Amino acid sequence: GLFRSEFMEIIDFSNGQPDSSELPNALILRATQHALGSLTGSADVHSDKKRRLDEQGKSHTEPPVSSEPLEYGDHTFRFRRALSAFLGRCDASRNGVAPDPNCLFPTAGVSQALDLLCTMCTSSAAKDVVLTESPTYFLSSAIFRNHGLEVRGILTDDDGIVPAALEQALESLKREGRRA
């Protein structure tokens, strides 16, 4: 391909999860620690770390480098706890109050978040309608339609959705016996 000569070691993610032994886990961990440290002003992103014994009985203070986050199960709690602390420190709108880590739900991006919300909160059988800004996120309409939802755009201006247009759309849905 086009990039073959420039990037000789390519990991193919197209078929799902790669073999964890093929991933540079230690490098990814160091890069993440460096990035989080530069965002928080601290190089120590594991201030709550505890001493552990590895398989050989050696004591460690660093978290073990593993493929655990790539496997099934909830391996996000440490991340959610760190994200909560970060948001409490860095999001001025929170006034220093960190959100409950149990209320944070990390996703692989907005498309996955929309898909999960549609799966959990909507019903194609009830002919639910999704009201979106117009224009909206370019992938959202397809995600909504894949869940059997009708998509209706709401007029926007420089400040976002026009409140009167939203009210009109909601009143129209109510008259039709539909829910948004």
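Reader: Which residues of α2 are buried?
Author: Residues are numbered from 1 along each chain as its sequence is written, while side-chain values use heavy atoms, with hydrogens and water left out. Buried means under 20% relative accessible area, exposed means over 50%, and partly exposed is in between (1.4 Å probe, protein chains only). In α2 the buried ones are R80, S84 and G88.

Reader: How wide is the arc that holds the buried residues of α2, seen down its axis?
Author: An α-helix has 3.6 residues a turn, so residues three or four places apart point the same way. The arc is that of the directions from the helix axis to the C-beta atoms. The buried residues R80, S84 and G88 line one face of α2, because seen down its axis they fall within an arc of 70°.

Reader: How far does α2 reach from its first C-alpha to its last?
Author: Helices (H or I, at least four residues) and strands (E, at least two) are DSSP runs, numbered from the N terminus. The expected span is 1.5 Å times one less than the number of residues in the helix. Helix α2 covers residues 77-90, and its 14 residues come close to the expected 20 Å, with a reach of 20 Å.

Reader: Now α5: which strands do its buried residues pack against?
Author: The buried residues here are A165, A169, S172 and L173. Seen down the axis of α5 they fall within an arc of 100°, so they line one face of the helix. The face turned away from that buried side carries exposed residues, P163, A164, K174 and R175. The buried residues pack against β3 (129-134) and β4 (150-157).

Reader: And which residue takes a positive phi just after α5?
Author: Helix α5 (residues 163-176) is where confidence is highest in the chain, at 95. Just after it, a positive phi of about 75° is taken by G177.

Reader: What is omega at the cis peptide bond?
Author: P135 is in the loop between β3 and α4. The cis bond joins S134 to P135, with omega at about 5°.

Reader: Is S141 buried or exposed, and which residues does it touch?
Author: S141 lies in helix α4 (residues 140-146). Its relative accessible area is 18%, so S141 is buried. Contact means heavy atoms within 4.5 Å; leaving out residues up to four places away in sequence, S141 touches T136 and V151.

Reader: How many disulfides are there?
Author: A disulfide is a pair of cysteine sulfur atoms within 2.5 Å. The sulfur of C121 is 8.4 Å from the closest cysteine sulfur, in C118, which is too far for a bond. C121 is exposed, at 52% relative accessible area. The number of disulfides in the structure is 0.

Reader: Where is confidence lowest among the elements?
Author: Mean pLDDT of the chain is 79, with 69% of its residues at 70 or more. Residues 45-51 stay under 50, though the model gives them 15 contacts beyond four places in sequence, while residues 1-5, also under 50, have 1. Where pLDDT is low, the predicted coordinates should not be read in detail. The lowest mean, 50, belongs to strand β1 (residues 52-53).

Note on methods
Predicted model: local features only at pLDDT ≥ 70, side-chain atom pairs only at ≥ 80, totals over all residues. pLDDT = per-residue confidence, 0-100.
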